[in-house]
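Let us read a structure together, one question at a time, with each answer ending on what was asked for.

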Amino acid sequence: MAADMGGSYGSTLRYKTVDRLKPVGKHSLLGASGEISDFQEILRYLDELILYDNMWDDGNSLGPKEVHNYLTRVMYNRRNKFDPLWNSLVLGGVKKGQKYLGMVSMIGVNFEDNHVATGFGNHLARPILRDEWHENLSFEDGVKLLEKCMRVLLYRDRSAVNKLQIAKITEEGVTISQPYSLKTFWGFSAFENPTVGAEGSW
Amino acid sequence: MFRNQYDTDVTTWSPAGRLFQVEYAMEAVKQGSAAIGLRSKTHVVLGCVNKANSELSSHQKKIFKVDDHIGVAIAGLTADGRVLSRYMRSECINYGFTYESPLPVGRLVVQLADKAQVCTQRSWKRPYGVGLLVGGLDESGAHLYYNCPSGNYFEYQAFAIGSRSQAAKTYMERRFQNFMDSSREDLIKDALMAIRETLQGETLKSSICTVAVVGVGEPFHILDQETVQKLIDTFEIAGKEEGPAAAAPDTAAEEGGAAADQGATADQGATADEGVAPMDI
């Protein structure tokens with residue numbers, strides 16, 4: 001899972017170093033786009049959820065599927081109150097050898113897939129993922145593929161920030177990378193004079 | 001004038017540290033017709049004895065499906081049992097709605113026990129007069145619990161409650177070592193044998209017992225009467241038909257149990273003898 005570290009205050013991109021990848025319990029990893037304070041509210045719900053789950057202390061624990069469904073209910077419930085949490089969420093995880101990846105939108109639309117994205121990622125990253133994703137992707141190749149997607153997003157999405165993190169979740173748990181930047185080259189002639197040859201544009 | 005000063009109120013302690021109303025509620029469980037449960041690594045089988053309280057009436061249902069993975073068998077006040085079953089069903093369905101996965105059996109049992117406990121600590125309530133054998137399957141395997149009116153709960157390999165349940169317990173205590181690796185069929189056979197023990201010589205027929213199974217790849221379901229009769233026949237465990245002289249005192253003794261199950265006025269005084277909480281202190 002990859003995300004840049006830009007944080008939005010309403011629709012204003014206001015913060016440049018915000019963790020948007022968070023572990024949830026032992027088996028799940030959450031990524032979020034959208035309003036940062038709404039994301040923090042979701043994290044508070046999840047902390048409570050995991051705490052109460054642990055308090056049973058009976059050997060049962062919520063897996064990624066359960067957390068995903070819980071988030072679906074929270075998001076859809078809030079949209080029904082006409083007060084949606086302004087986020088798109090990606091939830092991945094592994095429990096008992098079972099891999100899971102799904103997403104929830106701010107109005108509660110949800111699905112599982114082999115690759116998911118939020119926001120501009122749906123338009124710019126998923127076409128790449130559809131072409132290049134395959135069942136036996138190694139971790140290294142996965143990281144390369146994600147970086148390719150993030151680079152495209154960085155170039156084409158004005159609100160992307162060149163500071164990102166990559167996280168992985170396995171049976172052993174979650175590891176989130178240190179923030180780093182992608183190498184970029186802005187000297188392409190199309191970037192320098194984008195309107196040349198584009199008739200009717202200014 | 002008063003036989004016991006300390007048993008009019010659930011919340012009043014006796015000087016000996018007992019709560020008599022709670023003990024009386026547990027007595028209602030003993031007087032209900034028997035229910036048994038046993039489990040292997042992969043399956044739980046619940047069984048019960050059905051007693052009609054009159055020749056003219058049918059018997060009451062004593063085994064309930066809670067969810068695909070959980071079922072209960074009850075002994076005591078059937079009406080209370082139905083209320084608790086409804087509560088368990090709603091808890092399961094709510095958990096399924098939120099998490100799209102089955103509620104762990106142990107958690108349901110704790111919630112149920114907490115509900116029963118509340119009734120032992122409120123002056124305007126009464127304890128539930130029903131014992132529940134909760135059988136179910138979750139990610140940690142098959143489980144069998146006993147829930148008591150006192151708010152206590154216990155996990156068992158095999159257990160029996162209700163009238164003459166001691167005979168079934170004795171039978172299962174002799175055999176429980178093998179239950180863990182039992183096949184589904186052997187487990188049902190042991191269940192029927194344990195039920196037969198509680199009948200004390202009466203013939204085991206599908207018309208007077210119910211058997212239910214839950215297990216891996218098999219959602220909780222109550223076996224229909226023909227299936228049960230076929231099993232009784234193939235196992236050849238119907239037992240001998242007693243003479244009418246031997247059967248007569250049996251039916252007389254059972255009337256108390258049937259009345260308690262019916263949920264009508266369970267006359268504690270009439271049937272209370274040994275093992276009952278003493279009325280004098």
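Q: How many helices and strands does the secondary structure of chain B come to?
A: The model is predicted, so local features need pLDDT of at least 70 and side-chain atom pairs count only at pLDDT 80 or more, while totals for chains, interfaces and linings use all residues. Residues are numbered from 1 along each chain as its sequence is written, chains are lettered from A and ligands numbered from 1 in the order in which they are written, and side-chain values use heavy atoms, with hydrogens and water left out. Helices (H or I, at least four residues) and strands (E, at least two) are DSSP runs, numbered from the N terminus. Counted in that way, chain B has 8 helices and 10 strands.

Q: What percentage of the 281 residues in chain B is buried?
A: A residue is called buried under 20% relative accessible area, exposed over 50%, and partly exposed in between (1.4 Å probe, protein chains only). Among the 281 residues of chain B, the buried share is 51%.

Q: How far apart are the end C-alpha atoms of helix H5 of chain B?
A: The expected span of a helix is 1.5 Å times one less than its number of residues. Helix H5 of chain B has 16 residues, 184-199, and so should span 22 Å, a value with which the model agrees. In the model, the end C-alpha atoms of this helix are apart by 23 Å.

Q: Which residue follows H5(B) with a positive phi?
A: Within H5(B) the buried residues include B:Leu187, B:Ile188 and B:Leu199. After the helix comes a residue whose phi is positive, near 50°, and this is B:Gln200.

Q: How many residues of chain B are in contact with chain A?
A: Contact means heavy atoms within 4.5 Å. By this rule 15 residues of chain A take part, and on the side of chain B the number is 13.

Q: Which three residues supply 41% of the area that chain A buries against chain B?
A: Buried area is the accessible area (1.4 Å probe) that two parts lose on being put together, summed over both. For chain A and chain B it is about 1,300 Å², with 47% of it on carbon and sulfur atoms. On the side of chain A, the three residues that supply more than any other three are A:Trp56, A:Asn60 and A:Arg73.

Q: Is B:Arg107 buried or exposed?
A: A:Asp53 has a relative accessible area of 6% and is buried. B:Arg107, which also meets A:Asp58 in a salt bridge (3.0 Å, N to O), has a relative accessible area of 4%, so this residue counts as buried.

Notes: A salt bridge is a side-chain nitrogen of Lys or Arg within 4 Å of a carboxyl oxygen of Asp or Glu.
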